[in-house]
Amino acid sequence: MRRIAVTSEKGGVGKSTLAFNLAGALADHGRAVLVDEDRRVRSCLQWAELAPVPFEVFTPDQAGAGALRGADFLVVDSEGRPEVADLVELARTFDRVLIPCSVSRLEVQSTLNLVRDLSAAGSLDAVRVVITKAPPVGRVGHEARDALRAAGVSCCETVVRRYTAHERAAEAGGLVRDVTDPRAGEAWADVLALAGEVRQ
């Protein structure tokens with residue numbers, strides 16, 4: 001089973017949206033299970049109740065060995081704003097830990113500081129930053145990714161662009177590919193590209 005955690009110490013970067021849609025994309029390649037650890041909001045559980053999705057969503061209390069048996073992919077939407085020690089533990093126990101980062105200068109600097117803290121505390125082999133909420137036009141997302149890479153941060157190649165389709169999916173529940181929006185296909189293409197990276 002490939003184990004993927006999506007986590008961030010900042011809100012508003014698309015953590016739950018990324019985890020939810022990533023689980024949907026991975027479900028095309030085997031049984032996917034998503035564990036919603038974000039106790040304050042439980043966005044993933046709410047979205048799954050609004051529309052059918054091709055994966056199962058559990059709370060941590062429900063996600064025992066039986067629930068995970070036979071799963072090919074485990075995606076965890078972590079508790080919001082975890083402590084650095086919790087992030088270090090994720091990095092030690094998961095195959096991939098994705099840290100979403102939006103394109104603002106402050107967010108890039110905050111992410112750089114977090115990665116430095118993680119590096120000082122333990123291994124970063126599993127950690128990858130994912131640029132999210134990038135403008136659909138232009139190279140702002142790629143520039144943010146490249147700035148982090150130049151500072152020594154491992155980043156996913158994929159840049160997840162911000163489309164209205166993501167917001168519509170959050171309102172309606174379900175995956176971004178399933179909403180009625182002219183740009184839903186482009187939004188979903190970003191998710192598929194990221195899923196391809198985390199499967200490697």
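Predicted model: local features only at pLDDT ≥ 70, side-chain atom pairs only at ≥ 80, totals over all residues.
## Strands, helices and a starting point

Helices (H or I, at least four residues) and strands (E, at least two) are DSSP runs, numbered from the N terminus.

Is Lys133 buried, exposed or partly exposed? Its relative accessibility is 30%, so Lys133 counts as partly exposed, given that the middle class runs between the 20% and 50% cut-offs. The backbone here deserves a look as well. Most residues other than glycine have a negative phi. For Lys133, however, phi is near 55 degrees, a positive value in a residue that is not glycine.

## The largest pocket

Several elements share in building the lining. At least two residues each come from α1 (15–26), α2 (43–50), β6 (127–134), β7 (155–161) and α7 (164–172). Of these, α1 gives the most, with five residues. Sorted by class, the lining of the largest pocket has eleven polar, nine charged and eight nonpolar residues.

Rolling a probe the size of a water molecule over the atoms shows where empty space is left. How many cavities of 30 Å³ or more does the structure hold? There is one, and the largest cavity has a volume of about 50 Å³.

The residues that line the largest cavity are Thr17, Phe20, Asn21, Trp47, His166, Ala169, Ala170 and Gly174. Helices α1 and α7 each supply at least two residues of this lining. By class, the lining of the largest cavity divides into four nonpolar and four polar residues, with no charged ones.

## Helix α1 against helix α8

Two packed helices are described by the angle between their axes and the distance between the axes. Here α1 packs with helix α8 (residues 184–198) at an angle of about 70 degrees, and the two axes are 9 Å apart. Because angles of 65 to 115 degrees count as roughly perpendicular, α1 is roughly perpendicular to α8.

On the α1 side, the contact is made by Leu18, Asn21, Leu22, Gly24, Ala25 and Leu26. From α8 come Trp188, Val191, Leu192, Leu194, Ala195 and Val198. The residues of this contact between α1 and α8 are ten nonpolar and two polar, with no charged residue.

Cys44 sits in helix α2. Where does Cys44 fall, buried or exposed? Its relative accessible area is 0%, so Cys44 is buried, the cut-off for that class being under 20%. Leaving aside residues up to four places away in sequence, Cys44 touches Ser16, Phe20, Leu34, Asp36, Val57 and Asp77. Ser119 is 75 residues from Cys44 along the chain, and the C-alpha atoms of these two residues are separated by 29 Å.

Glu171 is found in helix α7. With a relative accessibility of 69%, Glu171 counts as exposed, a class that begins over 50%. Glu171 and Trp47 are 124 residues apart along the chain, and their C-alpha atoms are separated by 8.1 Å. Trp47 is one of the residues that line the largest cavity.

Notes:
Residues numbered from 1 in each chain as written. Heavy atoms only, no water. Nonpolar A, V, L, I, M, F, W, Y, C, P; charged D, E, K, R; others polar. Buried < 20%, exposed > 50% of the residue type's maximum accessible area, 1.4 Å probe, protein only. Contact = heavy atoms within 4.5 Å. Axes fitted to C-alpha atoms, helices over the stretch in contact; angles between N-to-C directions. Parallel < 35°, antiparallel > 145°, perpendicular 65-115°, else oblique. 1 Å grid on protein atoms, 1.4 Å probe; cavity = no way out; pocket = protein on both sides within 12 Å on 5 of 7 lines; lining within 4 Å. Points joined across faces, edges and corners; volume = space filled by probe spheres on them.
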